[in-house]
Amino acid sequence: MSETSLRRLYRRNFLEYASYVIKDRAIPDVADGLKPVQRRILWSLFQMDDGRFNKVANVIGHCMQYHPHGDRSIGDALVSLANRGFFIERQGNFGNIFTGDEASAARYIECRLTDLARENLFNRRITDFVPSYDGRNQEPVLLPAKLPVLLLLGAEGIAVGMSTKILTHNFQEVLQAQIACLKGQEFQLFPDFPQGGRIDVSDYDDGQGRVRNRARIDVDGNKNLVIKELPWGTTTESVINSIELASKKGKVKIASIDDYTTDSVEINIRLSRGVTADEGIKRLYAHTECETTHSLKLVVIEDGNPADTTITEVLHYCTGRLIEILKLELKLEVSDCEEKLHWLTLEQIFIERRIYKQIEECDSLEKVRSTVKRGMKPFLEEQDIQMTDDDVERLLSLKIRRISRFDIESHRREMGDIRDSMEVALSHLRNIVGYAVDYLETLLEKYGKDYPRLTSIEDFSDIDVKEVAIRNLKAGFNTETGLIGTSIKGDRTFSVSEYDRFVFFLEDGTYRVIPVQDKYFIDGTVLYCGVLDRERVFTVVYRQKKTEIAYVKRFCVDSFILDKEYGFVPDGGGVIFFSAEEELKLDIWLQRKKRMRKRKEEVLLSDFKVTSDSAKGVQLCGKRIVSSIRGIPLDGEEEESLTPDNGDDADGDVDGNGEEAPPIDPGAETPESEGEEDDEEEGDDGRGPESGAVSPEDLIRKAGELRERSSETLRKLREPAGDEEEWTGDLFRD
């Protein structure tokens, strides 16, 4: 075999396989809403139906003559279909959709069709058949379903290159939507689950978006939560496992959990001390299967081909199919009435006109037939009726008992009833839309009460996982080594969660945002390091490289790429001051110049607007050169540099070139001693941190020195005088 032939063989076989998986296994047909295995199960039940329950094992065996994939796949599909509750009535243990328990063995459980299925899914006369996989039987191509089965049952499947996920909908709402469709009115359909629960359909997007599904959690006292309904696709076991896993990770704090589920869900959760019911519910929704999200994809087989569609389009298609099926049934009814009238008319003429008397003398079958045709001909011509050879044979097969007991009046009443029925059917055909509406309203009245809505539609408030996360991790920052992380023990500690981020600012004017991790090395002199708060406002004062003019700006870190370096001052700019506090007053000392009358200024950080980290900022003190800056809390009693909060900052504010202001030298000369003009104004002594701002400790120390020098001077003065009076040597005390 050549390479070209082999490639052609693979291509053909793969396409056939893909087509088979798509059309005959995974994707449902929009016409009857069923996958092939479901269609074969229902058809087997219809063939076996005698009003009584059948063993599921017998149904599986009967279905195997149509389905080539074995009894296990048939049994699982039958149990799943029966648990939806629309078309199969159950008897026995079919499992528990709440706990996930499996059904009993097929030989122990029984099932049969529901009345809803018998009325709306089957009609042999309008069903097309094809040979089964082995050619021994005939199976339906599609069932003549009058209901949007696809929307009632939902579907989920994965095929070659495509998948589908359609959620279940409420019976009453689907039929009401069909009625609205027939009347040309607007409608909306939203999912409804057998397990109940709550859903947010704001992103449903007509079956092409997503649905958020939450458990129903009631509060029993201050510390007890009771889960009453589950999200679709979960079980009590899976929900409890997710809660226990979240508890082990420290995301949810619970003291105990108990499962009392039987025919209804009841999971009792006892919260730990210090956790409120509202906090517990939010964390359950954020970290466990108490909230799930269903992403939807509505792919169906439509007219033999895969199609991507919407809920509205499916409903319109099924409603149009309902009209066509009702038309076919009405036409068949009219045809049946016409056939019955035709026969009753022939029978009436044959008996009332005593045509049967004319065949008594005939000695052969051919003469009998010709005699009947000749005797019936004038009466048939009057009523414009055609008689076939089959009609003749049927007339000849009438029994003497039927002829002798023929009641003319009863016969005429029967013909009148048939004419009335035919007229009703014809009137329905003329007003097929109204007839379809009446049909759906009858179904609603008959079966609607059995299928109430179980899932409530609500508008969920978004739960920020980061906000409700418990900060159960300890991280540290070592200022000497520059290491930060959950495995580091440093002089700064942080309480963080796995969703938090670290941010650090360096003296070179750059910053980074990094995730919480075991260990990370920070290369550079750190101005600030802490847990990122997107609303926290940072303040920086920097000098321009060329002009040395100072600029101030306030900014937040609200958008970033992890571990990417960002600049918060222009290239070459030097940081004079940096702070993460908002309520500050800045004391600013300007560079000294001759004849300067005011060297110190004060500003409030709140006077400056918050901008972005890439903004240039606002010019500080005009074009005057700033010498140093000190930040003072508005509620502080003394002027001092800010120190970092315990556990939040790794460095505080800086002034000058990032170093603390030098201490006062009491013996150093002041600017006044150099002969410059007095710069004092409004209580300002004209000395900034670089010229020695006097602290209370310095004042006490200088007072003590002055006391000692004064006492020593006085003692020396009194010694030559020869005072005989004893003197202590302490001027201030004496």
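## The sheet

Two strands pair if DSSP finds at least two bridges between them. Strands here are DSSP runs of E, at least two residues long, and helices are runs of H or I, at least four residues long, both numbered from the N terminus. The model is predicted: local features need pLDDT of at least 70, side-chain atom pairs count only at pLDDT 80 or more, and totals for chains, interfaces and linings use all residues. Residues are numbered from 1 along each chain as its sequence is written, and side-chain values use heavy atoms, without hydrogens or water.

Three strands form an open, antiparallel sheet in the order β1-β3-β2. β1 (54–55) and β2 (88–91) are the edges; each has a single partner strand, so one side of each lacks a neighbour in the sheet. β2 and β3 (residues 110–113) run antiparallel and are joined by four bridges. In this pair, I88 stands opposite L113 of β3.

## Helix α2

Helix α2 covers residues 36–48. At 1.5 Å a residue, its 13 residues should span 18 Å, and its end C-alpha atoms are 18 Å apart, which agrees. The expected span is 1.5 Å times one less than the number of residues.

Of the 13 residues in α2, 11 are buried (under 20% relative accessible area, 1.4 Å probe, protein chains only). Among them are P36, R39, W43 and M48.

## Helix pair α10 and α14

Helix α10 (residues 311–352) packs against helix α14 (residues 408–430) at about 160°, with axes 9 Å apart. That makes the two roughly antiparallel (over 145 degrees). Axes are lines fitted to C-alpha atoms over the stretch in contact, with angles from 0 to 180 degrees between N-to-C directions; contact means heavy atoms within 4.5 Å.

Key. Buried means under 20% relative accessible area, exposed over 50%, partly exposed in between (1.4 Å probe, protein chains only). Angles under 35 degrees count as roughly parallel, over 145 as roughly antiparallel, 65 to 115 as roughly perpendicular and the rest as oblique.
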